[in-house]
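Welcome, and take your time with the view below. We will walk from charged pairs to a helix and then to the core around it.

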Amino acid sequence: ALEHIRALDEQGMFAHLDGVSLNPYVVNPFRSRKPEVDFIEFIDKVIAHFAATGRPDYPVYLTEFGFGTEAGELTQARYSSRAAILLASRPTIRLANFFLLGGDGWGYSYFNSVGTPRPVYPAMAHAFRWLVDCTAAGSVQLTPTLHLAAFRKGARAGLAVWDTEGESALQ
């Protein structure tokens, strides 16, 4: 929780570390499990804390994150890949994503208990392949449900645009 980060910072902990590592799972109480709500808002508050204390480039490592299957396997794939894109759009985020290979992992695993991949596996594999070597150019919420993230990859640019409620027409 952010209050723990603040308390550790007040004790001088982060002056002796190369960054902070988080596993930002959305747990009760929460307003929404969607990555665009409590998940990324918490990450942004952590980034803002370090910026406000004079360390705007302090690395934030996300060594594990994910979404369970309680809302369905396709929702897990959508939420996880959108979270990866949102995280990659923040320049101070250093991203690694571990996942459970065996069993159902309380619904967080990329694989079913029989070893077959859930939809989240190819979704995340594709997202990470696309994001490798990208530089964050920022993200913006265009409407209450429409989001855009921009990236640079060498001389090329890329955009990710999605609607959290279904389909939207860009005009």
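Glu 70 is exposed, because its relative accessible area is 52%; here buried means under 20% relative accessible area, exposed over 50% and partly exposed in between, with a 1.4 Å probe and protein chains only. The model you are looking at is predicted, so local features need pLDDT of at least 70 and side-chain atom pairs count only at pLDDT 80 or more, while totals for chains, interfaces and linings use all residues. Residues are numbered from 1 along each chain as its sequence is written, and side-chain values use heavy atoms, with hydrogens and water left out.

The side chain of Glu 70 meets that of Arg 33 in a salt bridge, at 3.5 Å from N to O. A salt bridge here is a side-chain nitrogen of Lys or Arg within 4 Å of a carboxyl oxygen of Asp or Glu. This pair links distant parts of the chain: Glu 70 sits in the loop between E2 and H3, and Arg 33 in the loop between E1 and H2, 37 residues apart. Helices (H or I, at least four residues) and strands (E, at least two) are DSSP runs, numbered from the N terminus. With 26% relative accessibility, Arg 33 is partly exposed.

The whole structure holds six salt bridges. One of them joins Lys 34 to Glu 165, whose closest N and O atoms are 2.2 Å apart. Lys 34 lies in the loop between E1 and H2 and Glu 165 in the segment after E6, so this pair ties together parts 131 residues apart in sequence. Lys 34 is buried at 18% relative accessible area, whereas Glu 165 is exposed at 54%.

Another salt bridge connects Asp 44 with Arg 90, with 2.8 Å between the closest N and O atoms. Asp 44 belongs to helix H2 and Arg 90 to the loop between H3 and E3, 46 residues apart. Asp 44 is partly exposed at 28%, while Arg 90 is buried at 14%.

Helix H2 also holds His 49, which is buried with a relative accessible area of 11%. Leaving aside neighbours within four places in sequence, His 49 is in contact (heavy atoms within 4.5 Å) with Leu 2, Ile 5, Arg 6, Asp 9 and Arg 55.

Now turn to helix H3, residues 73-88. How far apart should its ends be? The expected span is 1.5 Å times one less than the number of residues, so the 16 residues of H3 should span 22 Å, and the 23 Å between its end C-alpha atoms agrees. Twelve of those 16 residues are buried, including Tyr 79, Arg 82 and Leu 86. Among the elements that cover them are helix H2 (35-52), helix H4 (120-131) and strand E5 (146-153).

That brings us to the largest nonpolar core, a set of 34 residues in which Phe 39, Ile 43, Val 60 and Leu 87 touch the most other members. Such a core consists of buried Ala, Val, Leu, Ile, Met, Phe, Trp, Tyr and Cys residues joined through side-chain atoms within 4.5 Å. H3 gives this core its largest share, seven residues. Beyond its neighbours within four places in sequence, Leu 87 is in contact with Phe 39, Ile 40, Ile 43, Leu 62, Phe 65, Ile 93 and Leu 95.
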